[in-house]
Amino acid sequence: MPRRPLDAWKAGLVLVALILALPVLVVFAHLFLPATDVWQHMRETVLRDYVVNSLLLMLGVGVGVLLIGIPAAWLVSLCEFPGRRLFQWALLLPLAMPAYIIAYTYTGMLDFPGPVQTQLRERFGWGYGDYWFPEIRSLGGAMVMLSLVLYPYVYLLARAAFLEQSVCVLEVSRTLGNGPWAGFMRVALPLARPAIITGLSLALMETLADYGTVAYFGIPTFTTGIFRTWFGMGDPGAAAQLAGVLMTFVFVLIVLERWSRRRARFHHTSSRYTQLPRYHLKGWRRAAALFVCILPVALGFLLPATQLTVWAVGTTDEWMNTEFLRLTWNSLSLAAIAALLAVALALFMAYGQRLRPSWTNAVAVRVAGMGYAIPGTVIAVGVMLPFAWLDNTVDGWMRASFGISTGLLLSGTLVALIFAYCVRFLAVSLQTVEAALGKIKPSMDDAARSLGMPPNRVLRHVHMPIMRGSLLTALLLVFVDVLKELPATLILRPFNFNTLAVRTFELASDERLADAASAALAIVIAGIIPVILLSRTISRSRPGHDTAA
């Protein structure tokens with residue numbers, strides 16, 4: 001008798017994992033289909049540009065996030081200077097700024113008609129062609145924009161790694177004559193290398209997934225190619241094949257990241273986790289530390305947020321209307337529904353794995369959670385193809401049998417969009433829920449089951465009250481990720497349905513940057529909340545931490 005509910009959990013877990021993995025499997029399967037004329041044409045003309053630009057973009061962003069994230073993480077973790085505690089969380093603020101929004105903002109400020117070049121021409125009497133100014137709408141500009149908003153991935157994990165290092169290791173390095181720089185290069189950096197590589201891989205996957213920045217700057221990459229193939233050439237099959245090539249890039253990054261972590265293992269043999277002995281910086285070193293920490297915060301958040309606020313205040317009459325309220329309601333309600341579903345699915349899968357730990361369930365959970373590593377364009381293509389096929393099949397059968405047309409039941413509604421969100425962001429909630437469940441002792445399950453409670457009641461009455469804070473965190477993280485998601489929303493949204501992210505992209509594409517500021521600012525404000533939660537989590541991640549640290 002007690003095995004039946006466990007079997008039901010296991011069967012449901014595997015079924016849910018297969019459904020959530022369907023978009024990725026559909027895209028991957030298109031790699032083995034015969035090449036279409038459109039695909040042949042792309043392979044002969046633009047595929048090389050997609051590959052080269054994507055690789056160069058990854059290289060530039062990779063260098064940028066490492067140069068910004070690692071020094072900042074080291075300084076706030078193991079050095080003492082004015083404002084250190086403020087920078088601990090402030091350095092995460094650019095994470096709330098979507099890449100496409102910062103790209104629009106800096107374009108508006110630095111383009112030829114923008115305030116910066118306008119002031120230069122007025123001050124020095126220059127005309128068009130009399131001076132040189134860096135071109136923001138370029139591959140280099142995209143590298144800078146993406147680096148400014150993606151470095152927090154490296155900073156976040158590097159800081160956590162530095163905080164977890166044993167005080168004995170650092171003290172021994174000092175007794176051997178290592179100063180701050182030598183201790184950083186010879187001891188702290190090698191110990192943190194696995195975490196840094198993980199953060200770098202996350203930043204590179206986000207780089208491959210970006211659409212708004214590269215589309216606005218006119219850079220041909222895989223994501224812009226998928227859109228052009230689908231909507232411009234009208235060939236979903238070729239778009240799926242292009243998405244499959246992009247997916248192989250992502251899988252290579254995942255494999256390299258796993259391989260790197262396996263090759264670089266470091267273990268602490270001491271249990272001394274007291275407050276870290278910080279280096280007290282003075283003179284030019286203190287000034288350099290302030291500069292290193294202030295610059296990314298200013299360029300990645302403060303400056304663009306200030307410009308967005310100025311634009312939003314100056315265009316109040318344009319956006320303060322019922323249309324903006326409708327966009328806000330669409331975005332908030334859509335994000336809330338997707339977040340609730342994603343957390344519910346994560347809770348079901350994580351608890352199912354806890355009930356019946358096996359390699360089958362472990363694989364199923366990992367497969368279901370791999371959507372976060374897949375770009376939104378790939379997920380959207382993988383959702384649209386099977387949903388459209390199912391809609392056409394049902395419609396054809398209903399026409400033949402009853403003479404009734406059912407239309408687009410899935411692919412033309414919010415169902416497809418919400419499903420894509422769940423596939424894309426399930427891993428965010430899954431990791432949070434798994435971590436919370438892991439802190440609950442199995443003896444609590446045994447005690448509840450001995451009182452005759454079935455698994456679903458144990459989850460509802462025992463585990464969920466304990467995990468209330470973690471569930472709220474997971475809900476909030478998915479909520480903000482859905483608000484910021486652009487490519488999947490652009491492809492799958494129903495007709496005459498807009499969100500803040502889509503409206504921002506449309507207005508910016510029409511060069512109405514000031515009008516796009518209100519919607520962009522709303523997204524940024526929503527993104528600040530999980531940033532604060534992340535900072536608090538990192539600060540408490542070190543055993544023996546103190547609140548003043």
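**Figure 1. Valine 365 in helix 16 of the predicted model**. Valine 365, with a relative accessibility of 0%, counts as buried, because the cut-off for that class is under 20% relative accessible area. The residue belongs to helix 16, which covers residues 359-368. When residues up to four places away in sequence are left aside, valine 365 touches Leu13, Met349, Gln353, Leu430 and Glu434. Alanine 350 is also shown, 15 residues from valine 365 in sequence, with a C-alpha to C-alpha distance of 7.6 Å between the two in space.

**Figure 2. The packing of helix 15 against helix 21**. Helix 15, formed by residues 322-355, packs with helix 21, formed by residues 468-484, at an angle of about 135°, and their axes lie 8 Å apart. The two helices are therefore oblique to each other, and their crossing is right-handed. From helix 15, the contact is made by Ser331, Leu332, Leu334, Ala335, Ala336, Ala338, Ala339, Leu340, Ala342, Val343 and Leu347, while helix 21 contributes Leu471, Ala474, Leu475, Val478, Phe479, Val482 and Leu483. Sorted by class, the residues of this contact comprise 17 nonpolar, one polar and no charged.

**Figure 3. Helix 21 and its buried residues**. Helix 21 has 17 residues and spans 25 Å between its first C-alpha and its last, a value close to the 24 Å expected at 1.5 Å a residue. The buried residues of this helix are Leu471, Ala474, Leu477, Val478, Phe479, Val480, Asp481, Val482, Leu483 and Lys484. Among them, Leu471, Ala474, Val478, Phe479, Val482 and Leu483 also take part in the contact with helix 15.

Figure 4. Helix 5, made up of residues 99-110, has twelve residues and reaches 16 Å from its first C-alpha to its last, close to the 16 Å expected at 1.5 Å a residue. The buried residues are Ala99, Tyr100, Ile101, Ile102, Ala103, Tyr104, Thr105, Tyr106, Thr107, Gly108 and Met109.

Figure 5. Among contacts in the chain with a separation of 6 or more, 83% are accounted for by residues 24 or more positions apart.

Notes. Residues numbered from 1 in each chain as written. Predicted model: local features only at pLDDT ≥ 70, side-chain atom pairs only at ≥ 80, totals over all residues. Heavy atoms only, no water. Axes fitted to C-alpha atoms, helices over the stretch in contact; angles between N-to-C directions. Helix = DSSP H or I, 4+ residues; strand = E, 2+ residues; numbered from the N terminus. Parallel < 35°, antiparallel > 145°, perpendicular 65-115°, else oblique. Left-handed = near helix turned anticlockwise from the far one by under 90°. Contact = heavy atoms within 4.5 Å. Nonpolar A, V, L, I, M, F, W, Y, C, P; charged D, E, K, R; others polar. Expected span 1.5 Å × (residues − 1). Buried < 20%, exposed > 50% of the residue type's maximum accessible area, 1.4 Å probe, protein only.
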